[in-house]
Number of protein chains: 2
Amino acid sequence: MKNCIGKCPGLGIVLVGQRHDSHTFIRLKLRACHEVGIATFLKQLPEDCSQDEVYHVVSKLNDDPDVHGVIVQLPLPRHLNEDKVVEFVSPEKDVDGLHPLNIGMLAMGRDPFFIPCAPKACIELLLRQGIEITGSRVVVLGKSKISGLPISLLLQSHLATVSTLHAFTDNPEHVTRQADIVVSDVGNPNVVRGHWLKPGAIVIDMGATQVKDSSRQCGFRITGDVCYEEANKVVSAITPVPGGAGPVTISMLLSNTLESAKRAFRFG
Amino acid sequence: MKNCIGKCPGLGIVLVGQRHDSHTFIRLKLRACHEVGIATFLKQLPEDCSQDEVYHVVSKLNDDPDVHGVIVQLPLPRHLNEDKVVEFVSPEKDVDGLHPLNIGMLAMGRDPFFIPCAPKACIELLLRQGIEITGSRVVVLGKSKISGLPISLLLQSHLATVSTLHAFTDNPEHVTRQADIVVSDVGNPNVVRGHWLKPGAIVIDMGATQVKDSSRQCGFRITGDVCYEEANKVVSAITPVPGGAGPVTISMLLSNTLESAKRAFRFG
């Protein structure tokens, strides 16, 4: 890609430590970038690096004119202040859309620099299927900063009636059964059963948990939050795991990076 | 208050135009500040002022070390870009808590510089009544940037299960009837009827609409969103309008200003 640098979109990626799932996600993101011609700048730091070392790497990517998007693969090791690192990414290059300023704009129904990839993927999936969002009853299971929370915010700004459920919700199946659209981001394999769902509902499964599977060479498989076999008998559409919302989420990262590069080329 | 300046908390207030309700709100805020010993710096601008004139006034308040909080009374005249003005207030002095950065922090369950006054009032009312928020089912009617939206966000970060309803919600009474706590921020007098409410529910009425009343000398009265007489027979607690959530919201403005002054005195 070297000869494209400066002429093609560039994505800076910060990867700290040795988490297996983080390395898998980064490998998928790198492959996707290479497929579409986005230059990548991978910065790896050891598990025991300091907060300042992470700031230093992010800062260099923030300042690099060849880099149009900067992402920090989460979660970070526990000794690091993840919130502060996310806040350190320049909002104008925050293609993950997780900077508080971008989340705030999203919440307020204003145009953030970037919409986070998971909610953007949800909307894309719904719109491409021609599903009416305005006025629909949506249940979002989970309120993670990366996924559940911004999904609730984005669907709400698209005029859905959103209920956000979480670990402290009593009887979640009761509320879920009223929803036209269910988005699950719990990270608990098969927690959403068939009888939780209204007949004809639309289900987007954002869960992706590694579960042991001795029948596989790698020793595990990726499983979603929704019990697919049960749900599939009830709903009108459902995203599988793997191969559903995940790849679309990665596409949205590419889309955000491209958007940022276009802005830079236009104004740079 | 002059002799206190520099030693007491200071609130800068920007008031544009001649809206009757805005002037009423500002009068109440000024009176409350004077009662508790907060210095006020009221900057009035004419209805036809320019965006730059507003920026100029806000900027001077942002830079004034005697001013610890800056609020811009909303709504602004239509020719002004309200979002940009709100964003121009320094997040560290944004005692209304409406800057996107503060809203973003609130959404993410992190500590914003300030929690907006209306949601802070809701929480205060609930906590002082000893009402359990964690795990409760909450319906917030309305998703305004000033009130409904941040109320949903704050209650969610307090681990309530929140459903946010709005003009596009079909059959809002059905969802509302399931709620343990109902917060209404619609601005439509008496829209929430008694049969919308679950017996024993808690109701916080944030609505405050002027309706004509020829029996009053001023020609109007302030009416809430909830039909008080009907609701009062059903619920276990309800805030009246006027005299309910409104004064508590103003108290929260005082509380935020004091908090900001303490911070400034500590670090200044």
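1. A salt bridge is taken here as a side-chain nitrogen of Lys or Arg within 4 Å of a carboxyl oxygen of Asp or Glu. By that rule, 4 salt bridges are found across the interface of chain A and chain B. One of the pairs that qualifies is Glu87(A) with Arg110(B), where the closest N and O atoms are 2.3 Å apart. The model is a predicted one, and the points below should be read as a description of that model.

2. Extent of the chain interface. Contacts link 33 residues of chain A to 33 residues of chain B. The two chains bury about 2900 Å² between them, and 62% of this is on carbon and sulfur atoms. Met108(A), Arg110(A) and Gln156(A) supply 21% of the area that chain A buries against chain B, more than any other three residues.

3. Make-up of the chain interface. On the side of chain A that touches chain B, at least two residues each come from α3 (82–88), α4 (100–107), α6 (148–157), β5 (161–165) and α7 (172–176). The largest share, 6 residues, is supplied by α4(A). By class, this side of chain A has 15 nonpolar, 12 polar and 6 charged residues.

4. Domains within chain A. The domain assignment gives domain 1 (2–89) and domain 2 (117–246). Their C-alpha centres lie 27 Å apart. In chain A, 4 residues of domain 1 are in contact with 4 residues of domain 2. The two domains bury about 300 Å² between them, 54% of it on carbon and sulfur atoms. On the domain 1 side, His20(A), Leu74(A) and Asp83(A) lose the most area to domain 2, together 74% of what that side buries.

5. Which residue forms a salt bridge with Lys145(A)? The partner is Asp83(A), with the closest N and O atoms 3.0 Å apart. The count between domain 1 and domain 2 of chain A is 1 salt bridge. The count of residue pairs in polar contact between these domains is 1, with both residues at pLDDT 80 or more. By class, the side of domain 1 that touches domain 2 in chain A has 1 nonpolar, 1 polar and 2 charged residues.

6. Backbone points to check. Most residues other than glycine have a negative phi, and most peptide bonds are trans. The peptide bond from Val241(A) to Pro242(A) is cis, with omega near 0°. Pro242(A) sits in the loop between β10 (237–238) and α9 (245–267) of chain A. In chain B, a cis peptide bond joins Val241(B) and Pro242(B), with omega about 0°. Pro242(B) lies in the loop between β10 (237–238) and α9 (245–267) of chain B.

7. A positive phi. Leu159(B) is not a glycine, yet its phi is positive, at about 70°. Leu159(B) is in the loop between α6 (148–157) and β5 (161–165) of chain B.

Conventions. Residues are numbered from 1 along each chain as its sequence is written. Chains are lettered from A and ligands numbered from 1 in the order in which they are written. Side-chain values use heavy atoms; hydrogens and water are left out. Domain bounds come from an automatic or database domain assignment. Contact means heavy atoms within 4.5 Å. Buried area is the accessible area (1.4 Å probe) that two parts lose on being put together, summed over both. A polar contact is a pair of N or O atoms within 3.5 Å; within protein, one must be able to donate a hydrogen and the other to accept it, and residues adjacent in sequence count only if both atoms are side-chain atoms. Ala, Val, Leu, Ile, Met, Phe, Trp, Tyr, Cys and Pro count as nonpolar, Asp, Glu, Lys and Arg as charged, and the others, Gly among them, as polar. Helices (H or I, at least four residues) and strands (E, at least two) are DSSP runs, numbered from the N terminus.
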